[in-house]
Amino acid sequence: MDMKQAKRVEIIIEAVMERRVGQVLTEAGVTGFTMLPVLGGSGRSGHWTREGGVGRASGMIAVICLCAPHRLDRLLDALFPVLTDHIGVVSVTDTQILRAERF
Amino acid sequence: MDMKQAKRVEIIIEAVMERRVGQVLTEAGVTGFTMLPVLGGSGRSGHWTREGGVGRASGMIAVICLCAPHRLDRLLDALFPVLTDHIGVVSVTDTQILRAERF
Amino acid sequence: MDMKQAKRVEIIIEAVMERRVGQVLTEAGVTGFTMLPVLGGSGRSGHWTREGGVGRASGMIAVICLCAPHRLDRLLDALFPVLTDHIGVVSVTDTQILRAERF
Amino acid sequence: MDLILTLAGQNLLSPVILFFALGVAAALARSDLSFPEAIAKGMSLYLLFAIGFKGGASVASHGMDPGLVLAVLGGVVLSFALPFVAYGLLRAMAPRVSVLDAAAVAGHYGSISIVTFVALSAMLTAQGIPAEGYMIAVAAAMEAPAIVSALWLATRGGKSGGTGGAPGTELWREILLNGSIVLLLGSFFIGVISGERGMADLEPFIVTPFKGVLALFLLDMGLVAGRELRAARGVVTLRIVGFGLSMPLIGAAAGLGMGALLGLSAGGIAALTTLAASASYIAVPAAMRVALPRANPALYLSLALGITFPFNLTLGLPLYVALASAIAGG
Amino acid sequence: MDLILTLAGQNLLSPVILFFALGVAAALARSDLSFPEAIAKGMSLYLLFAIGFKGGASVASHGMDPGLVLAVLGGVVLSFALPFVAYGLLRAMAPRVSVLDAAAVAGHYGSISIVTFVALSAMLTAQGIPAEGYMIAVAAAMEAPAIVSALWLATRGGKSGGTGGAPGTELWREILLNGSIVLLLGSFFIGVISGERGMADLEPFIVTPFKGVLALFLLDMGLVAGRELRAARGVVTLRIVGFGLSMPLIGAAAGLGMGALLGLSAGGIAALTTLAASASYIAVPAAMRVALPRANPALYLSLALGITFPFNLTLGLPLYVALASAIAGG
Amino acid sequence: MDLILTLAGQNLLSPVILFFALGVAAALARSDLSFPEAIAKGMSLYLLFAIGFKGGASVASHGMDPGLVLAVLGGVVLSFALPFVAYGLLRAMAPRVSVLDAAAVAGHYGSISIVTFVALSAMLTAQGIPAEGYMIAVAAAMEAPAIVSALWLATRGGKSGGTGGAPGTELWREILLNGSIVLLLGSFFIGVISGERGMADLEPFIVTPFKGVLALFLLDMGLVAGRELRAARGVVTLRIVGFGLSMPLIGAAAGLGMGALLGLSAGGIAALTTLAASASYIAVPAAMRVALPRANPALYLSLALGITFPFNLTLGLPLYVALASAIAGG
Ligand SMILES: Nc1ncnc2c1ncn2[C@@H]1O[C@H](COP(=O)(O)O)[C@@H](O)[C@H]1O
Ligand SMILES: Nc1ncnc2c1ncn2[C@@H]1O[C@H](COP(=O)(O)O)[C@@H](O)[C@H]1O
Ligand SMILES: Nc1ncnc2c1ncn2[C@@H]1O[C@H](COP(=O)(O)O)[C@@H](O)[C@H]1O
Ligand code: NA
Ligand code: NA
Ligand code: NA
């Protein structure tokens, strides 16, 4: 299998920031990203759940971005201002990707 | 970027255990966790899907918990009794986190 | 804790391929997999979102499969033909699993 | 006898049942027809909301009946007692089923299926047979006691159900305050309080389109039941199927007797009979996953959803109505 | 001509179409107005359920008509044949579109859009023009044949569609048992079986609020179509837009002819015309993603959803009704 | 005074309010009763769709009134001005609340809660008190101006709200084109255009079952408000509760005055009063998370959803209707 080293960036952030995170990632030159729904969670600001709510003010989303290692710094630099002051967590994991020519 | 080594614990477990897993994680001293919905899956007990169902008896959820490495043992110890006899899988991955002061 | 080295395979692929990916994984001998819903994303073929849509033609799903390292090659070999020509990304991450006797 | 055949014929050709059959057929044929989980849950919330309120409003218009307390007590007794019968029967018919699994199954048959009750209500309305409005309170009261019996059956031999020993107060809080009980009883009491004026407000939403929503919901239930049936191969033997078809009849007999004893109307007896005959597939499975995690969910879900629910819906209900009419009339 | 203008004017000012326009406008302006996927799917299940049952109930009350078989056959012929016309036209108008993409697009135009059909039914009801109830069976029968033609067009030159060669029986099972066909035909047959009595049960759910649900659903469809239009820039050239506006007219002509040949009523001809003129955007795109994954989904979705669907909804339907009335009356 | 008591009594015993109370109680008791997010969003889309269209249709049947422009202007003035009052009051009553938090809270009270407005409409209909149909346009116009005032209050001291300085045009586009404004105004204008004929089409969907949907939706809102109340411990002091109960009265006074000044009918004054008294919990919180991320969401959500919303719903509305009737009649 043709596999290549890459980074898996996982951003769990307020749903209101969805559009901005997407813009920032695109501007940072990644080839793509995927957004997953989040049901609820808990953190320093307490417990929350998506159930029954109608607004976007208290929901979160998870964004997964696979990228080539050399793009990571630019991505994180671009992401940082968006994260500042916003509720959310970011993790970066070493991974291997198939069809690496796409990234 | 200020990044620090951490663990990404991913728990895929029956939806009925949602509250208990949350309690256990909180008691184990983690700073937070996030719950994602699960559509369906397959395992030794066969195939299942969330579609059309109204109860919680057969659904699953995914819980993601990022934690500092030194908290891992306590977390897993606390988690173990909840997992025993329950349907679910747990994986622990090395990762790096941004804004490490929060964990 | 009894933990063992394993692989976390994450497949983000078109929802229409759900059944086929499940079959392929099962035939490749994995003990299970879990499917998560996907809200939207962005890639070379542009931006898409699940909101408001009624068909399966443009949605994606995420499939997580934890497997013993020695099963990986067979899994990826089996997966490759399904991926060819289809929209999607695959990453493989080293991880540790609890209750390793199950995999 | 004539009444049974007429009712059965009418029932089997009613859109509500035909849509259920369509769902079963589509699932067995592996069609990708499916309802989003949110829609299925939304429809079940609607049905609980509507049936609870209607029961309450009917109590309000007929005046608070002293029979309510007795009927609730009767229902609670049935819910406590039936699991022992179910346990004995299942162990006798299928000795290979473990103590734990038999106890878990027994809990389902003591408790009730609210959708079966809703289908009965629609049938009674169509036949013009009135029932005591407070039967909805009886239904709510019958959900939980069976769980106590099941846990007792599972643990009396010192056999721990899994998480170890008796479940904590936390579990009991969850069971007693589970969403469907709260919504059913809450709507019932709101119906009692707001009475006819409230009914006038809500009628176009909860009465007029009710049967249509029920048909759509039963289509979904058919899909789920059909899926359960497909998964049942390998778990469910002929003996177990036999249990799934005979236990509702035994429950029905107990309900019929209790209803007659309580002096309920024909509709009320049919309701209690149906409650006793039906098996839970929402509240009890969830409680069992928490309290008896080692019990096999495939067994109790196949039985309750794949066998007993379709049986009650198609053949059971007309039988129960005919018997109740005969007894009340006699 | 007068009728066309009157109908077009009434249609463009009807809430159903105005809500569609609102959706398109909101999407183009990048408003965050959106419907949860589950709600959109729930509304589409409701529409299929309602329209199928109404067709069946109407057949039940008018008696089983021998015309049904002929009309279904006529529809199947159209569905098989129109992709060849569409393929030729697209290749002629936009030669840069590849064989594979043209074949995939062609499949969409042979098949049908059930929402367009639903909108037509609402219009016919409003105008008091009856149509044969069995047209719903014709609609269901027209979904799949076009896929066969498209796959043949795509692979006849030995050009594999991607996953290699002819799609397996598994794919055919999926296509023929896809959720919307099963629900539409299932509801139709239940309507036929349960007839007037069943209709009385379901009417307050499936007839009375129908137009309101349709308006809300078309608001959502407008949002989706508008999003598709925004994404279309770069994929869709002027020539392709030309195809998306002329192909429905050609399909309509074929449907009109076939309807007249079959001796359908004015409403029936309008229905067949609409089916032939419309392009699938649910069943066929999903089948194409599996069978011809190398074909560009942006092209066929933009065409079917972004161009042909809005065209039919706004200008096409009044035209088809007027022409059908003229032909049936002449 | 009599009218107040009668209205309050009727209101507190109406199913709509009782279901809200049921939701609050269930959440406080930590029942797992809950609505899927998609269903909650679906119901809120329905309510916006229905109330907007009804407003527009009523304008269509009464003719375009020159009062519309003045009323919209009056509403905009209130929305701009009330945040300054709220800011001053909160800083005076609870000096420990930071400038930033006070500014964010103030924005919520200048803007409006559309669900409160919907509940008022249901009450006015039940009492047979007509209101100007264009009040729906006033409601839409009052959503955003308060955000400007809040941002000005937050940043005037050079204190950046977080993401730095004035929010970009992108944020303004989002606020002005947010889904609920677009749906409300869009439905309103479609109602104006399609008038009585359109109303006839949609009535069985948007008028007949309206109160039932509202009751179900308020059950969900009660669950959310109860959850917010439970979370509020620790954030919300007695002084803050005091603000949450007195600010709606001040807003109401302003709305009452403005309504009388504009010469609105009793219903119209009640509507403007309710809008001024209510606090946003959908649009403004989302805007604040983007523009003032350092402000504490727990504070403004507890206040708007947990305190002011229940207060308005139960005691506020009857009071505002009674006062409006007195003023308009006087
Ligand atoms: N350690 C963590 N692991 C996973 N998710 C987290 C963690 N901490 C916070 N979160 C998520 O981020 C949200 C806000 O966190 P906080 O800002 O700490 O309140 C929580 O509700 C969780 O969904
Ligand atoms: N190897 C695996 N990788 C990912 N998910 C799994 C795996 N095994 C089991 N699961 C999940 O856990 C559920 C129950 O598994 P089991 O207890 O094996 O039936 C499955 O339906 C899957 O959702
Ligand atoms: N680098 C990436 N990281 C995460 N998801 C991706 C990535 N690239 C593509 N995807 C997902 O795959 C879908 C199709 O990608 P593409 O084929 O590049 O258009 C996107 O819409 C994303 O959901
Ligand atoms: Na029972
Ligand atoms: Na066509
Ligand atoms: Na206000």
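Visitor: Buried means under 20% relative accessible area, exposed over 50% and partly exposed in between (1.4 Å probe, protein chains only), so is A:Arg8 buried or exposed?

Guide: A:Arg8 is buried, at 3% relative accessible area. This is a predicted model, where local features need pLDDT of at least 70, side-chain atom pairs count only at pLDDT 80 or more, and totals for chains, interfaces and linings use all residues. Residues are numbered from 1 along each chain as its sequence is written, chains are lettered from A and ligands numbered from 1 in the order written, and side-chain values use heavy atoms, leaving out hydrogens and water.

Visitor: What does A:Arg8 meet in a salt bridge?

Guide: A:Glu10, at 3.0 Å from N to O; a salt bridge here is a side-chain nitrogen of Lys or Arg within 4 Å of a carboxyl oxygen of Asp or Glu. A:Glu10 is buried as well, with a relative accessible area of 3%.

Visitor: How many salt bridges over all chains?

Guide: The count comes to 24. One of them joins A:Asp94 and A:Lys7 at 2.6 Å, N to O. A:Asp94 sits in strand E6 (residues 88-98) and A:Lys7 in strand E1 (residues 3-14) of chain A, so the pair ties together parts 87 residues apart in sequence. Strands are DSSP runs of E, at least two residues, and helices are runs of H or I, at least four, numbered from the N terminus. A:Lys7 is buried at 19%, while A:Asp94 is partly exposed at 44%.

Visitor: Switching topic: what are the protein donors of the sodium ion (ligand 6)?

Guide: F:Tyr109, F:Ser111, F:Leu275, F:Ala276 and F:Ser278, each through O, lying 2.4 to 2.8 Å from the ion. Donors are N, O and S atoms within 2.8 Å of the metal (3.2 Å for Na, K and Ca), and with water not among the atoms, sites may look incomplete.

Visitor: How are the donor residues spaced in sequence?

Guide: The pattern is Y-x1-S-x163-L-A-x1-S. F:Ser111 lies in the loop between helix H5 (99-110) and helix H6 (114-127) of chain F and F:Ala276 in helix H13 (residues 266-277), so that pair ties together parts 165 residues apart. F:Ser111 is buried at 0%, and F:Ala276 is buried at 3%.

Visitor: And how many salt bridges between chain E and chain C?

Guide: The rule finds 3 across that interface, including E:Arg294 with C:Asp85, closest N and O atoms 2.8 Å apart.
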